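Please open the model in the viewer and keep a selection tool at hand.

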Amino acid sequence: MIKTLIYTTENNNSYIYDHKSRLSMLIHPDLKKAHENPAEADTYYLKKYEYLKRHGLFSEPKPNTFGSLNESMIKESITKTSQITFEVTDFCNLNCLYCSFGELYEGFDERNIKNIDINYAEKMLKYIFKLKSTSKTKNLIIAFYVGEPLFNGKFIENIINIVNTLNYKKEIKVEYSMTTNATLIHKYVKLLVKYNFELLISLDGNEKNHSYRYYRNNKKNSFHKVIENIDMIQKEYPEYFKNHIRFNAVLHNRNSVKEIYEFIYGRYKKIPRIAELAFDDLKSDKKSDYNKLFHNKLESENVFKNENTDIMHTELSTYKELTNFLKYNSLNFYISNIISLLYGVEKYLPTSTCLPGGKKILMTTNNKLLPCERVNYKYAIGEINKEVILDIPKITQRYKFYFDHIKNVCKHCYSNKFCNTCLFHIKGIDNVDSKEFICEYFCNSKEFTNRLHRIFSFLEKYPNDFYQIIENEVIL
């Protein structure tokens, strides 16, 4: 049962957190005594404690009210989709040891050096452009993904031509993006610059840090070619480089947050996105290999953050935790959700699972349609044959089944105000209706208390972050 929590920070300051009201409050340590051991508490704080109880704190909370899914919500979500992602090819010229489509993982279709079919992709674009014509949302991102998109650069050129034809009246604002290992950029750089592609380049740091990203045919480190291409863009297209190039690094046992930042920021003045090794869809017999490669991001940050917090401060995991806490678990939530405050009713779907099309739709080389690139291929929401098939009633039924059952777990979870988990990343989700079902992301009172300790210790150290987050993240 979710209850009011009392916790302390690294500075030994005591706070109350009340989940129901989203209230956090600095308190005197004796109020903690009044709650935990009344016999030792001062009479004054016993009275304060009783006052707080009369006004809803420390009382038995009411269960959370979750919303219900219906077909119109799914249809609206697909209509409003803002991104179409194409799995351009299932082949990559690199064979990164920790690749999510490599030997450590499952959950994707067999890789057969297969390129996506331009005819089916064109059908998908026509379908989306038709939806966009009736939607108020006129922005569309077209993204190219997996394995190495530029291995099938001709497809990308063809897609641009098709889009230009479909959008000849310029009614829809189209932007392009791509995730790339950067080894083939030199072949298509003029095209990328011409259409202002947002490029997310995979770079794990210096040569040693990057050594898991090696060529498939000869196992040589791709580092020098990657750097050569990045340097070329920076030299020949400085404005494009400044405005459209970003970096993504995978944290592993051959690098660290410190080394990644020192190399990428030091060389390119860009703050990279750093991701831990994915755990979703890990093969059961590969856990030992995974553990050898894994490097905890929070631990790695702690080694570095005291040296260069000005550079990477807003990218720290704890800063992001604080941001999410202030947006969803504090009274600031009501700034952008005034209806919930006025009527005292909140209805939202459990977990943070996006509805199909809510953010994007991915088309694979086998013509499957997925909610995004991070979802197991068996959870396809549609396909393309003679036409685009998105069965709204069937999709609704499946998602509703998951939501209706998992909310019985979520109502006891301290993360239910802001859950950072997608349904399809929970291992046992197909057995969610079973009594034996366990959500490995479930957050109990001890885990949430530890999170509060970490967040508020960070906030006490960087109090100005509060105002920055409220201004830039909460008030939209």
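How many bridges join strand β10 to strand β11, and do the two strands run parallel or antiparallel? Select residues 361-363 for β10 and residues 368-370 for β11: two bridges join these strands, which run antiparallel. Within this pair, L362 stands opposite L370 in β11. Helices (H or I, at least four residues) and strands (E, at least two) are DSSP runs, numbered from the N terminus; two strands pair if DSSP finds at least two bridges between them.

This is a predicted model, in which local features need pLDDT of at least 70 and side-chain atom pairs count only at pLDDT 80 or more, whereas totals for chains, interfaces and linings use all residues. Residues are numbered from 1 along each chain as its sequence is written, and side-chain values use heavy atoms, with hydrogens and water left out.

Next, display the whole sheet. It is an open sheet of 10 strands with mixed pairing, in the order β9-β8-β7-β6-β5-β4-β10-β11-β12-β13. Select β9 (273-275) and β13 (388-389): these strands stand at the edges, each with a single partner strand, so one side of each is left without a neighbour in the sheet.

Proceed to S135, in the loop between α4 and β5. S135 is buried, with a relative accessible area of 7%; buried means under 20% relative accessible area, exposed over 50% and partly exposed in between (1.4 Å probe, protein chains only). S135 and T79 are 56 residues apart in sequence, and their C-alpha atoms are 6.5 Å apart in space.

The last stops concern the backbone. Most residues other than glycine have a negative phi, and most peptide bonds are trans.

- Select I113, in the loop between β4 (83-87) and α4 (118-134). Its phi is positive, about 50°, although I113 is not a glycine, and the residue is exposed, with a relative accessible area of 59%.
- Select A182, in the loop between β6 (173-180) and α6 (185-194). Phi of A182 is near 75°, also a positive value, but A182 is buried, with a relative accessible area of 0%.
- Select V146 and G147, which a cis peptide bond joins, with omega about -20°. G147 lies in the loop between β5 (139-145) and α5 (153-166).
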